[in-house]
Amino acid sequence: MQVYNFEGALTREQEDEFYMKEALKLAEQAFKEDEIPIGAVIVAQNRIIGKGYNLTERLNDVTAHAEMQAFTAAANFLGGKYLKDCTLYVTVEPCVMCAGASYWTQLSRIVYGTIDEKRGYSTVAANILHPKTIIIGGVLEGECARLMKSFFVSKR
Ligand SMILES: [Zn+2]
């Protein structure tokens, strides 16, 4: 597992963009496989400990969202179910299901790219995130949104 040591060379914002680019690579992979292009990585102590991209078509499973794959991979890597002190990077705002799953993981941060106006977790009134989870949106928003748009245009 690769360790990224920026040694303070990058600001928090630049670091977030770096990992979002990794999530974007996975979203592009999903696009190539004709899946809705959403990618996710989970980072702990400068290491990517879990990755995932949307696999709902391939697995015939509506719950096979990028975040769900990444949670499972990270928990397997850590050998424990909680993801305290971990950050989830995901190209699109998590849905209610994934935000709910993130509650159970006790994730410390969620960083997402573009909003999901229709199915994003923030469309529901109640705050379903864990009270300790910090959420940051809009990181590489343009690139994340562009990928989604071109996917749905290609489907028309
Ligand atoms: Zn989801």
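## Helices α2 and α3

In this predicted model, helix α2 spans residues 66-78 and helix α3 spans residues 96-105. Their axes come within 9 Å and cross at roughly 20°. Angles under 35 degrees count as roughly parallel, so that is the label α2 and α3 get relative to each other. As for hand, the crossing of α2 and α3 is left-handed.

Who does the touching? On the α2 side, the contact is made by Glu67, Met68 and Phe71, and on the α3 side by Cys98, Ala101 and Thr105. Sorted by class, the α2 contact with α3 comes out as four nonpolar residues, one polar and one charged.

Now for the strands. Strand β3 takes in residues 87-92 and is mostly covered, with six of its six residues buried.

Which strands does β3 pair with? One is β1 (residues 39-44), which pairs with β3 in the antiparallel sense over four bridges. Another is β4 (residues 109-114), which runs parallel to β3 and is joined to it by five bridges.

## Valine 90, seen from both sides

Valine 90 of β3 is a handy place to look at both pairings. Alanine 40 stands opposite valine 90, while in β4 the bridge partner of valine 90 is tyrosine 112.

Terms used
Residues numbered from 1 in each chain as written. Predicted model: local features only at pLDDT ≥ 70, side-chain atom pairs only at ≥ 80, totals over all residues. Axes fitted to C-alpha atoms, helices over the stretch in contact; angles between N-to-C directions. Helix = DSSP H or I, 4+ residues; strand = E, 2+ residues; numbered from the N terminus. Parallel < 35°, antiparallel > 145°, perpendicular 65-115°, else oblique. Left-handed = near helix turned anticlockwise from the far one by under 90°. Contact = placed C-beta atoms within 7 Å. Nonpolar A, V, L, I, M, F, W, Y, C, P; charged D, E, K, R; others polar. Buried ≥ 20, exposed ≤ 12 C-beta atoms within 10 Å, placed from the backbone. Pairing = 2+ DSSP bridges.
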